[in-house]
Amino acid sequence: MKTSPLDLAHELKKEGYLIGQEAATTLFLALALEKPCLIEGPAGVGKTQLALALARAEKRRLIRLQCYEGLDISKALYDWNYAKQLLRLQLAKTEDWDEIKFDLYSEEFLLSRPLLEAILSPEPVLLLIDELDKSDEEFESFLLELLAEQQVSIPELGTLTSKTKPIVILTSNNSRDFSDALRRRCIHIYLTYPSLEREISILSSHAPELSRGLTKDVCEFVAKIRKLPLQKLPSVSETIDFARALDALQKVELNYGDLMGTLSVLLKYPKDVAKLEERLKKWETEALRSRE
Amino acid sequence: METMDGWVFIRLVHALRQVSLPISSQDILDAQTCLVRYPDIPCKQILKSLLIHRPQDAGIFETVWKIAVENRESTELKDSLDATLKDKEENRDSQGIGGQGAGRGSGGISLTAIGDILDHCHISKLIPFSRLEELASSGAEYEEVVKTVLADIDYYTWINSFDLAYQRGTLSEDEWYTHQNNRAFILREIQQQVLMSQVTLENSWKPLVRQHWLFKPLSSLSEEEKELVRTSIRKWARKLALRPGSRWKSYNKGTIDIGKIVQQSVQWEGGLFHLCYRRRIPRAPELVVLCDVSNSMASFVEFLIHLVTCLRARFRKIRVFFFIDSVWDVSEFVWDDDLSGVKQEIKSWGHKASSGFSDYGAVFKELAENILREVSSRAILIVLGDGKNNYRPAQPEYFARISEKVRKVFWLNPLEEMEWSEPDNVMKVYQNNCSKVYRCRTASDLQRIVKDVF
C-alpha cells in the first residue's frame, strides 16, 4: 500500500512510467478509496501504459478486457461450456436427472472470461477494461454492478463477489460519452500530452541511447507541432519512434531542413504531413534569421 | 497544510451543483474521508479529483473554487486598488510592440505598456475592483462588461499590435504562441473577475450558470468553448450511432439468422451449433437539412452541420442545403471530416450574389418546385432558421407542400420563443406545418434535440 501520491509516483517511475503530480494524486485517492479509476485522454498519451505500470508496481496480475463494438457478456463475463455439458450428459445416461440438471450448471462447466476471472481470482489482480468507449451502452450498464459492488450476477449460480478486491482501471479515448451512473462510480483522470520537461524525461528513459541534444530537440519539435491545427497530434509513442528514426539516420541534432521522409513516423495523415512540411520552411527561415 | 472550513466546503458543493456538476452524497463522503485522512494533500487537489467526473467540468470547477474559496482574497484586491491607480499614472502615453498602443484606457494599467511580460500572479491588479463593481451594477450584460473592461486596459490595441508584428514577420512563431497563451490567460482572468463581481453583486450563482458553456448562446462561445461543444456533439452522436434501430428492439440480440446457423452447423458436422443473430442495423431514413446562413445564423449552422457530419452513418442518404434568398446544395461537405470547407461556404455565402437578407418564402418555393421531387417520402426535414423574413411574403403554401411530402419536419430556431411573433418573423406562420419547433440556442438545446429527433 502506497502512503502518498509521491510514493506512488516514485513506484511508477521505477516501473518506467512518469506520472504528473495531479494524476498521481487522483490515482492515489482512487486506490485509497478502493474505487475504479476511469482514465480518459487522446490516443497515445499513456493510458494503457499507466495501468500496466500500476499492475507491476502493485505486484498484481493484469487481467485485460479489450472492448469493441458488439462485446457482450458471453465474451466479457462467462459462458457455459456446451461441449463439456453434452459429454457429461452422454456419460450419465443412467443417472438421476435432477442430480445431473444441478450438476450441469456448476462452476465446473463455467468458462470464465476476463471479468469473472478477476472476480474469482484468489490472488489480487488489476483488471484493465481498455477502450470502454468502443463498447455498446448495454455493456456499460452491465458494468455498473461490478464497478460499484465488485460483484457479478450469473442467473444459474447467483451473485459472485470478489474475494480480493481487484484494482479496476477503465480507459477511454473519449469517442463517446458515458452515462452519469458510470462516471459517478469512478474516480476520473484526464491524461493529456506531457509537458516539455516530462516528455524529455520520458524519452530519455525509453531511449537512453539517444544524445541529450537530439532528445531535447525532438521534444521541443513535437511540442511545437502539437500547437498546430492537425487532424491527429503526435503521441508520446510516436515521439519515441521519431527520435529513434532520427537516431537510425545518424542524426545528432534536429535540423528543419533534413526532416523530409521522416515526418510520416510522427504524423499519420498525409494532409497533416503536408501542413507540417509547409510550416517547416517557415521555421527554417526563422531559425536561420535568429542564428544570423 | 491548512484544513478546509466546513462552511466553505458546503458552499463549494452547493455552487458546483448549481452549475450542473453532478455531485452525489457518496462523492461528499469520499471527499470528507480523504480530507481527514490525508491532511498533507492540498484540499483543492482532493476535491478536484473526487468531485470532477468529466474533463469539461474542470474549467468551471476552477472558477467556482476561485469565487467560493479564494474570494477572501478580494479584500486584498481592493487594497491593491490604490497601488494600481498609482501605477496607472506612470504608464501614460506608452507605446506597444507593433508601433501602436499610444495612450491607455480609463480604468487601469495599459497592457501596451507591459508588452508580453505578464506577471500572472498579479494580473488581477490590472482591473480596479471599484470599476468592476461599477460595471456590474450598471445592469450591462456579461459580454458587454467584459468588452468594456478589456477596452479599459487597452487589450484590443495590445492584441492588434501583436497581430501586426506577426504579420510583418517581426515576431517569431514561438513568440506568437507565447502571446496567444498570454492573450487567452488575460481573457480568462478578466472573465472570471467579472463573473466574481456579478456573483457578489447578485448574491447568487446564476451569473455563473448563465456562462456555463452548455447554456450560453452558441453564437457567443469562445474558441475553447466551441471545441467543448464540438467534442460533446461527437460524443452524443457516437452514443446514438450505437443505439439500435427500433426494428430490432423486440429482442436485444436481433433475429435468428437461419442461413448462418446452417452454415456453422455444417462446419461442426451437424453436431453442435450456436444460434446466430442478424446484425442490428440502425433505422436509416433520408435526412434533408436546410440551413439559413445569413449573418445572424452562421454560428448556429456550423454546429448543426457538425452534428449531421457525426450522424451520417445513421442515414442512408443525407442532403444539406444552405440558403439566404436562394437555395444551394452543399451535401458534399457532410462527407468530409474537416469542417473548414463548410465554414468557408458559410462565410462566402457559397460565392452567390445575395442581398444577405433571408427570404423564406422564395426559398421554400424554390425547394418545392425544383428539389422536392427528388426527396423521399420517408425523409426527415430539418430547417435551421430564425424565421426573420425581412417583411417579404411568407408564401406558406409551399412550405405546406413540402411538409405533406416528407415524413417529419423539425424546425430549429435560435431565437427565444417570444421573438417568434415579432413583426418581421414568420415562425408562427410556418409553425402549424412543422412536426415540432425547437429552440436551438445553446448546446443544452442541441443536446435535447439530438435525443428527441435522432
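In this predicted model, the axes of helix H11 (residues 212-225) of chain A and helix H12 (residues 236-248) of chain A come within 10 Å and cross at roughly 135 degrees. That angle makes H11(A) oblique to H12(A).

- The crossing of H11(A) and H12(A) is a right-handed one.
- On the H11(A) side, the residues that meet H12(A) are Leu214(A), Thr215(A), Val218(A), Cys219(A) and Val222(A).
- Their counterparts in H12(A) are Thr239(A), Phe242(A), Ala243(A), Leu246(A) and Asp247(A).
- Sorted by class, the contact of H11(A) with H12(A) has seven nonpolar, two polar and one charged residues.

**The sheet in chain B as a whole**

- As background, strands of a sheet pair through backbone hydrogen bonds, and they can do so either parallel or antiparallel.

**From S1 to S2 in chain B**

- Strand S1 (residues 286-292) of chain B and strand S2 (residues 317-323) of chain B run parallel, joined by seven bridges.
- One pair to find in the picture is Cys291(B), whose bridge partner in S2(B) is Phe322(B).
- Together with helix H14 (residues 298-310) of chain B, S1(B) and S2(B) make a right-handed β-α-β unit.

**From S2 to S3 in chain B**

- S2(B) is also joined to strand S3 (residues 327-329) of chain B, by three bridges, and these two run antiparallel.
- Phe322(B) turns up again here: in S3(B), its bridge partner is Trp328(B).
- S2(B) and S3(B) form a hairpin, with three residues between them.

**S5 and S6 in chain B**

- Strand S5 (residues 408-413) of chain B runs parallel to S6(B), and four bridges join them.
- Here you can look for Phe410(B), which has Lys436(B) as its bridge partner in S6(B).

Definitions and conventions
Residues numbered from 1 in each chain as written. Chains lettered and ligands numbered in written order. Predicted model: local features only at pLDDT ≥ 70, side-chain atom pairs only at ≥ 80, totals over all residues. Pairing = 2+ DSSP bridges. Right-handed = clockwise from strand over helix to strand, strands pointing away. Axes fitted to C-alpha atoms, helices over the stretch in contact; angles between N-to-C directions. Parallel < 35°, antiparallel > 145°, perpendicular 65-115°, else oblique. Left-handed = near helix turned anticlockwise from the far one by under 90°. Contact = placed C-beta atoms within 7 Å. Nonpolar A, V, L, I, M, F, W, Y, C, P; charged D, E, K, R; others polar.
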